[in-house]
Each structure stands twice: as C-alpha cells, then as structure tokens.
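User: Before we look at details, I would like each label to be tied to the rule behind it. Please go through the terms with me one by one.

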Amino acid sequence: MTVTFPQKGLPWLLLLPQLLVTAIFFLWPAEQALEQAFYQEDAFGLSREFIGLENFIDLFTDPLYYQSMLTTLVFSFSVAIVGMSLALFLAVMADRVIRGKLAYQTLLIWPYAVAPVLAGVLWWILFDPSMGPIALWLKSAGVDWNHYLDGNQAMILVVIASTWKQISYNFLFFLAGLQAVPRSLIEAAAIDGASPFKRFWTIVFPLLSPTTFFLLVVNLVYAFFETFGVIDATTKGGPGQSTTTLVYKVFDDGFVGLDLGGSAAQSVVLMAIVGLMTVIQFRFIERKVQYS
Amino acid sequence: MHNLKLASVVVGLSMASSAFAATQVEWWHAMGGANGEKVNEIAKAFNDSQSDYEVKPVYKGNYTETMTSAIAAFRAKQQPAIVQVFEVGTASMMAAEGAIYPVYKLMKDSGQAFDESAYLSAVTGYYSNTDGEMLSMPFNSSTPVLYYNKDLFKKAGISQAPKTWQEVESVSKKLLASGVSCGFTTAWQSWVQLENLSARHNVPFATLENGFAGLGTEFKFNGPLQVAHIEKMGEWQKSGIFSYSGRTNDGAAKFYSQECAMFTESSAGYAGIKRNATFDFGVSELPYWEGKVKQPSNTIIGGASLWVLQGHSKEEYKGVASFLSYLSKASVQADWHQFSGYLPITKAAYDLTKEQGFYKANPGTETGVKQMTTGTPTANTKGLRFGNFVQVRGIIDEALESVWSGKVDAQTALNTAVERGNAQLRRFEKANK
C-alpha cells in the first residue's frame with residue numbers, strides 16, 4: 001500500500017530539517033574537501049595554487065600510504081569483529097539474567113558515554129609499560145609488554161581501546177535483537193531436544209542477522225572514521241607507522257601538520273573507500289540477511 | 001539645534017568611555033596547569049600596572065591545538081593579537097608574511113624602546129631573520145639536559161655524573177650490575193638525540209644554515225656522527241643501557257619509578273622531576289662524544305615564542321608592544337624563569353636570578369642556561385628552521401623507532417628519514433614560494 005499526500009509541498013517540508021543537516025554537515029564539507037584536494041595552500045590561506053592531481057599522485061606514489069591502508073583494514077576488521085563477538089556474548093548472557101537485569105545492562109552500556117580520547121588515555125595508563133597495572137601483570141606472566149617498541153602490541157592496544165567503547169553500542173542492539181526473537185520458536189526447539197548451543201546457532205543467530213549486518217556496517221564506519229582520537233591518545237600512530245590508520249593520517253597531516261591540500265586528498269580517497277565498502281556490503285553480504 | 005546638542009553629548013560620552021575602557025588585547029597560549037595560572041598572574045600584574053590596555057590570556061590547549069586554532073581564526077578573520085607558537089611552528093609563521101607583524105617592526109612602529117642586544121643570542125637567534133631582526137618574542141625556552149638519580153649512582157659506587165656518551169655507557173654498565181634495570185631513557189628523541197646532538201658537535205642538521213638561509217634547505221642528519229650515535233643507541237636498547245619510552249616525555253615515569261637512573265629531558269622538566277622524584281637527583285649537561293668534538297658547542301632551544309598577528313587596530317598594537325616590553329623586564333622574566341624552569345631570555349634576568357641566590361638554593365637549575373650560552377652560536381647551533389617540521393619530527397620518530405626495535409640499521413633508517421623529510425621540505429617550499 002502506498003501513502004499519497006494531497007499536496008507535493010508537505011513531504012518536502014517534513015524532510016527539510018534532515019536535508020538541511022545533511023547539506024550543511026555532510027555535502028558542503030565534502031564539496032570543500034573535494035575542491036581543496038586539487039590545491040596546494042599555505043596554512044594561513046594567504047596563497048593558493050591549483051596543482052591538479054598532484055596531491056593524489058603524491059599519495060599514490062608513497063609506499064607508506066598503501067601500508068597505512070593495510071593497517072586500516074587490519075584495524076577496522078579487528079575492531080568490528082572483536083567488538084561484535086564480545087557484545088553478542090555479553091548480550092546473550094545479559095538476556096538470561098533475571099535478577100538485577102537493569103543493573104547489568106546499565107553497567108554494560110556505560111562505556112559508550114566515555115569520550116574517545118578519554119577512553120584512549122584510560123587504556124594508555126592501564127598498559128603503560130612501566131607503571132600500567134595490566135602491563136605489569138603481563139610482565140609477571142612472562143609477556144614483555146612494550147607498545148612503544150612493538151608494533152603488534154601497539155595495534156592490540158588501539159584495537160582494545162577502540163573496541164571497548166563500541167561494545168556498549170553493539171550490546172544495546174544485540175540485546176534488543178535478542179528480545180525480539182519469539183520465545184515460542186526457542187521453546188519449540190527445546191521440546192524437540194535441541195541443545196542450547198544448537199538453538200542459538202540455528203534459530204537465534206539467523207534471526208539476529210539484520211542486527212548483525214547493521215552493526216557490521218556501523219562498526220566498520222566507526223573504525224574507519226571515528227577512532228583517531230583514541231589513536232592520538234594512545235600511540236600517536238607509532239611505533240614506526242604501525243598504528244597510522246588512514247583517518248589518523250588525515251587528522252595528523254591536516255590538523256597537526258597543517259598540510260590542507262594533502263589532507264583533503266586523503267579524505268577524498270577515504271570517502272571513496274568507505275562508499276565502495278558500503279556498496280559491497282549491501283550488494284553481497286546483505287543477501288545473506290533474513291529480514292523476517 | 002536640538003540635534004547638535006544631542007550629537008555633542010554622544011561624542012562627549014563616547015570620548016569619555018574610550019578614556020575609561022582599556023583597549024583589550026587577546027593572548028592565546030598553550031600553558032596549562034601551574035604555568036597557566038602563572039600566565040594569568042603575569043597578565044593581571046601588567047593590567048594592574050597601567051590603565052590603557054587590558055591583556056586577556058586565553059588557554060587554547062596544547063601547542064598544536066593553539067597554533068591550529070590561531071590559524072583557523074586567522075582564516076575566519078577572528079585572530080587574537082598575540083599567539084604562543086612552539087619552536088617547530090616557527091618556519092610556518094615566518095613564511096606567512098601577510099599574517100604576522102614582526103616584533104622588531106611592531107616595537108619600532110609603536111615607539112617602544114627595544115634593544116635586541118639585551119636578549120640572550122642563543123634564544124633570540126632562533127626567532128630572528130637573517131638580518132638579525134627579531135620576528136617573535138621568546139617567551140618560554142628550554143634546552144635538553146641530563147637528569148640523574150644520585151641515590152642509584154651512590155649504590156653503584158659512581159661519584160660523578162657522566163660528561164660524555166662514553167661515560168654514559170660505562171656508568172650505565174655499573175648501574176646495571178648494581179641491579180638497576182635501565183641506564184637511561186630520553187624524552188623528545190628527535191630534539192635531544194638528533195637535533196641537539198648535531199648542535200653539540202657543531203655538525204649541520206641541514207644545509208643552508210639549518211634552514212635559516214632559505215627554504216631550499218635539505219636535511220643532512222644522516223652524517224657519520226648521527227649514524228654512529230643512533231647505531232650505538234640501538235645497541236644500548238638491546239643491552240638495557242637505553243630504554244625507549246615514547247615520543248614525548250612519557251619516559252619521566254621510568255625515571256620517577258627508578259627503573260632508569262638517567263633521563264635526558266628538557267630543562268623545563270625540572271619542576272616536574274622535583275615534585276615527583278622520591279630520591280636525590282642531579283642535573284648535568286647534555287653528554288657529547290669524546291673525540292668527536294674538542295669543546296662541545298651550545299645546545300639549541302625548544303619551547304615557544306609569542307607571535308603578533310596582523311589585522312588589529314593601531315591602539316591594540318600599542319598595547320601589545322607595551323605588554324611585550326613589560327614581559328622582557330628583568331623582574332618579570334626572572335620570576336617566570338624561577339617559577340617555570342624555562343630559561344631566562346635576557347641577560348638582566350639571568351643576572352638578577354643569580355643575585356637573588358636562586359641557583360645556589362636550587363642546584364641544577366643553572367645547568368641549562370650555562371650550557372646554552374657556552375660560546376657564540378654558529379650556523380650549526382643557532383637553531384633550526386624547517387617548514388612542515390611537525391611532520392618531519394614524526395618521520396624521524398618513526399625512523400628511530402625502527403632502529404630501537406632492531407628492524408632497520410641506523411644508516412638505512414636515517415637515510416629514509418632524510419629522503420622523506422626532504423620531500424616535506426619541498427612541499428613546504430612550493431606552498432610558500
């Protein structure tokens with residue numbers, strides 16, 4: 001059934017606020033970035049020179065840029081997968097709790113309210129090689145923890161710090177998803193003698209797939225775009241370039257290094273990558289999603 | 001007639017109000033914590049000392065944030081009259097000729113007495129053009145020194161602080177043998193272990209007088225001295241003599257916890273170390289390699305200076321000029337130096353601090369001043385001036401980290417850093433020609 005409006009103006013009027021927000025906070029800056037990417041400009045904006053594709057050529061002839069892409073992929077998928085599996089596990093557990101349910105749920109949602117940079121600093125302190133409690137505990141367990149030197153450990157640290165915050169968000173959606181699974185289905189399966197494990201994988205998990213898919217997209221976008229604060233507060237992209245993700249490089253070159261043209265070119269590339277990824281996800285992964 | 005009367009009243013009123021309301025001068029700075037409070041105190045003292053101008057200090061976050069917000073404000077035509085910019089931002093500020101009001105010119109235009117020779121040349125050299133004219137007003141300058149744990153030294157049977165890197169090695173071996181887990185760690189590795197290493201041995205860090213003589217400068221820090229030093233530090237990292245602790249000054253934690261017995265860090269770190277050290281510590285000059293230089297040269301400075309931005313009224317600039325003169329007064333400078341641990345910027349402030357007996361009462365605080373003022377600065381020791389230096393420091397950090405972790409040898413790492421750094425210099429040259 002389609003709803004028809006008597007006049008053409010009203011739907012546009014109702015859409016207007018959202019359209020305005022999109023135009024001002026997304027389209028306009030995106031257009032600015034696109035334009036800036038073709039210029040070289042000094043920090044103060046006193047002189048500006050059109051240089052064509054040079055910013056892009058600089059980027060794509062730099063082997064470190066490809067390295068950074070790889071780092072970003074490893075980082076983003078780690079954040080998405082670790083964050084979602086832990087959140088799913090917690091949601092399943094919290095769904096079973098009967099007494100003190102609200103308290104558990106509230107506590108699990110709490111980290112979401114922490115600002116990214118704060119989350120970064122928190123984990124940075126916990127893992128500080130000379131005084132962080134977790135680092136000291138790891139040392140006593142025989143792990144030589146020093147993320148200032150070891151690129152893999154630095155990566156683990158930024159993944160933990162970025163994931164921790166996102167778990168709450170994922171948890172909330174998974175919990176809502178779980179509560180929407182009809183009890184009758186699960187009970188019927190139980191009567192048929194399916195183990196809890198089997199019930200989860202054959203009934204609950206497929207029914208959760210729209211939620212899972214939605215969260216995958218959201219988590220990847222989060223890892224791609226919103227994690228530079230965490231990285232800045234924990235590793236500053238180091239050691240070497242082992243935690244320099246694409247978005248951190250955009251931030252670092254643009255806001256710290258004041259190279260606006262180069263930074264804009266990078267954000268255009270990043271925009272293209274995320275656009276492409278989203279299309280791929282909707283094309284191929286969404287087919288496996290069962291909506292009802 | 002009626003209107004005329006009214007007009008005269010209005011004119012009279014507005015004249016009266018301009019006589020009462022002081023001209024406001026905004027000052028954006030990056031001094032947090034205790035130093036930030038001191039900045040407010042200085043501004044208040046200036047405001048109380050006269051009634052024409054009112055300086056309003058505004059804390060804008062760390063150095064990078066302060067500089068970025070000032071630049072963004074400039075682009076939006078909302079810039080403050082004075083902004084504090086860290087030393088690595090100097091070249092960017094200098095190149096922005098239409099955005100800055102050189103301090104020497106400001107002082108001349110506003111008729112303030114201004115004698116450049118009253119300032120310490122090692123400090124002002126960093127912020128002067130090739131004609132020796134001061135473009136910005138040094139505010140907080142520091143230089144790297146060696147802090148050492150006297151208690152651990154005593155336990156290991158060492159009586160003196162090491163003067164040379166050879167001694168650092170031998171002393172560290174004794175310390176390790178006595179049960180200490182690390183000889184030394186460093187803050188700001190590029191600044192201390194490459195930039196100041198080069199200056200101390202009077203070796204160029206880059207061509208064209210370390211960038212002072214033009215934007216066409218090229219890096220030279222992959223020379224034999226630097227490579228030998230970094231290679232040695234890479235070995236020391238393996239043997240425990242050196243322990244890497246990050247790009248900024250996080251290594252302080254290793255020094256406080258007595259994990260490392262020595263710490264090369266800014267002279268301005270003194271106050272923090274004094275507050276946090278639960279042991280007796282000493283301050284000594286930054287070591288040099290014996291045999292590589294006869295008499296070690298002066299070290300170069302870090303820290304920040306105050307830049308005046310274009311786009312304000314004449315009246316405001318008069319206020320800025322009189323505030324900058326006030327800041328340079330020996331009593332104000334000496335107080336700031338003694339409180340913050342930053343170096344004094346005028347000879348008079350240094351002498352006054354000496355007279356007041358501050359150095360005697362606080363042993364070690366004079367080390368940085370002495371080290372920075374040894375001899376006359378040469379082309380290799382008067383400072384560094386590179387565009388995109390913030391990124392270059394990042395590139396150097398990456399190169400050094402790859403040496404510390406044993407992935408790459410020192411020569412290769414420094415060659416790569418020079419090459420990548422030069423690309424940054426060329427980008428800057430192109431954007432600012």
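Analyst: Helices (H or I, at least four residues) and strands (E, at least two) are DSSP runs, numbered from the N terminus. Under that rule, residues 154–178 of chain A are 100% helix and 0% strand, with the end C-alpha atoms 34 Å apart. The model is a predicted one, in which local features need pLDDT of at least 70 and side-chain atom pairs count only at pLDDT 80 or more, while totals for chains, interfaces and linings use all residues. Residues are numbered from 1 along each chain as its sequence is written, and chains are lettered from A and ligands numbered from 1 in the order in which they are written.

User: What makes helix 3 of chain A oblique to helix 7 of chain A?

Analyst: Helix 3 (residues 63–96) and helix 7 (residues 151–179) of chain A pack at about 40°, their axes being 6 Å apart; axes are lines fitted to C-alpha atoms, for helices over the stretch in contact, and angles run from 0 to 180 degrees between N-to-C directions. Angles under 35 degrees count as roughly parallel, over 145 as roughly antiparallel, 65 to 115 as roughly perpendicular and the rest as oblique, and therefore helix 3 of chain A is oblique to helix 7 of chain A.

User: Which residue classes make up the contact of helix 3 of chain A with helix 7 of chain A?

Analyst: The residues of that contact divide into 19 nonpolar, seven polar and one charged, where Ala, Val, Leu, Ile, Met, Phe, Trp, Tyr, Cys and Pro count as nonpolar, Asp, Glu, Lys and Arg as charged, and the others, Gly among them, as polar.

User: Why is one side of strand 6 and of strand 8 of chain B left without a neighbour in the sheet?

Analyst: The open sheet of four strands in chain B has the order 6-7-5-8, with mixed pairing, and two strands pair if DSSP finds at least two bridges between them. Strand 6 (182–186) and strand 8 (281–284) of chain B stand at the edges with a single partner strand each, so one side of each has no neighbour in the sheet. The twist from one strand to the next averages 20°.

User: How do you know that strand 6 of chain B is joined to strand 7 of chain B?

Analyst: Four bridges join strand 6 of chain B to strand 7 (residues 260–266) of chain B, and the two run parallel; B:C182, for instance, has B:C260 in strand 7 of chain B as its bridge partner.
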